[in-house]
Amino acid sequence: MTVDINDVEKFVAAELETSAKYLTIPSVSAQGRGIKETVTYLTDWFQDLGADQVKVFDQYQNPAVFASFTGNSAKTILFYNHYDVQPPDPLDEWESDPFDPTVRNGKLFARGVCDDKGELMSRLTVVRYFQEHGGLPCNLKFFIEGEEEIGSPNVGKYAQDAAEYLSCDAVIWEGGGKNEAEKFQIIAGTKGVASFEAEVTTAQSDAHSSLAPYLDNAAWRLVQGLATLYGPDRKIKAEHFYDNVQPLSPYAAEQVAQQEPDFDTQAVVDTFGVSHGKLPVAKPFTAVMTEPTITINGLSAGYEGDGVKTVIPRRAKAKLDCRLVPGQDPETIVGYLQDQLVKNGFPDIKLHFLLGEDAYRTNLEDPFVQLGKRVAAEVYGQDQVVLVPNQPGGGPMLPFFEVTQAPLMGIGVHYAASTPHAPNENIRLTDYQQASGYLARLLEEFSQQA
């Protein structure tokens, strides 16, 4: 049987109101909200779908949920998703309650609908579709964690603990969707990330700003030190920082080059209302795929309340992250930056490592990735599908590859203006339905592979 994609899309649309109840739970990991309720909701959902096995792993911080279903072939797909979401703040910028899923102008708005509850909704609705239309074409497994939005600090341990349950032939990851040129993305990897803090103390107490001619200022000290690590050429100025960067394969480099003309930086600028924050980059898509970065996420020093208080701050702190590529170890990278600060004359600026995730890339020529591309071309159009070596953000792909030794591929339901992590996060209903039809066809085709 060849699955009728139009039939799948109609089924998914009819089930949307029921599926969207998942979006009403405020599962904000950064605030510890809604975690227990979400785990209960997911286990009930899987049991209602008739899963053969549902297991909760809860030996660390936020629990992870595992479920498995038996299909009509020996092939097995493992799905990775996360149930936690970012805080909805600032609330006054939302046009509707972030935890009251709302449809406006063909779009579904809710916190987490793009990243990434909407994808699990799609996947589990496809499970229900197959169960009502002859059974699942292959065995399916689901691993859903609850700490992705705080850096997945325990997912590697969870994956190791659950290793006996996770055996599979391929992994379908979260993410993917349509890019700025409305082309469907198949994402085969993720960048790594190192999150850390920088802190400097110059005195035992704040001082009157009239003493600035001869007293150092922790805020100036911090920003001057950090400025030595990053230049106007966008390169990180730390010895050994780039030593182990793994280049793209020739095939992957070709795929990236083909997408460069489609990468619409103006659309990104418009989405976020950027006025003076666009950098002069000749090949922005290539940069996003292949360049490590260093970013100051926030700065804090001295008096930050209302009104005036003229002080010289005694302490200053900053939060930073580095987006990394395969070959770069997060903790080692922070060590290189600390060493460079010492060499640059800022030994008093101390870096404190917070968390890290390794980068990972599946070979774009892997048969599973190529199958995903072929099926996507049938669904979306021959020239409307692109292969992406890695997503710009982080994710715990490497621990799952180490456990499963299976190729990983990210496909999803979002589009370029879904604004994940920002107010009014949304997906287009047509994308949601089409991606569900694509997934159904992909599972069917995969089940028939030798």
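Visitor: What is the relative accessible area of H421?
Guide: This is a predicted model: local features need pLDDT of at least 70, side-chain atom pairs count only at pLDDT 80 or more, and totals for chains, interfaces and linings use all residues. Residues are numbered from 1 along each chain as its sequence is written, and side-chain values use heavy atoms, leaving out hydrogens and water. Buried means under 20% relative accessible area, exposed over 50%, partly exposed in between (1.4 Å probe, protein chains only). H421 is partly exposed, with a value of 40%.

Visitor: What is the phi of H421?
Guide: Most residues other than glycine have a negative phi. H421 lies in the loop between β19 (408–410) and β20 (426–428); strands (E, at least two residues) and helices (H or I, at least four) are DSSP runs, numbered from the N terminus. H421 is not a glycine, yet its phi is positive, about 75 degrees.

Visitor: Is N105 buried or exposed?
Guide: N105 sits in the loop between β4 and β5. Its phi is also positive, near 55 degrees. With a relative accessible area of 79%, N105 is exposed.

Visitor: What is the omega of the peptide bond from D115 to D116?
Guide: D116 is in the loop between β5 (107–109) and α3. Most peptide bonds are trans. The bond from D115 to D116 is cis, with omega near -15 degrees.

Visitor: Which side chain of opposite charge is nearest to E119, and how far away is it?
Guide: E119 belongs to helix α3 (residues 117–131). Lys and Arg count as positive, Asp and Glu as negative; His and the chain ends are not counted. A salt bridge needs a side-chain nitrogen of Lys or Arg within 4 Å of a carboxyl oxygen of Asp or Glu. E119 is buried and has none; its nearest opposite charge is R123, at 4.4 Å.

Visitor: Which backbone nitrogen does the side chain of E119 reach?
Guide: Contact means heavy atoms within 4.5 Å. Beyond its neighbours within four places in sequence, E119 is in contact with residues including N81, E174 and H414. At 3.0 Å, its side chain reaches the backbone nitrogen of G175.

Visitor: Which residue of β15 is the bridge partner of L299?
Guide: β13 and β15 (residues 315–324) run antiparallel, joined by six bridges. The partner of L299 in β15 is A318.

Notes: Polar contact = N/O pair within 3.5 Å; in protein donor to acceptor, adjacent residues only side chain to side chain. Pairing = 2+ DSSP bridges.
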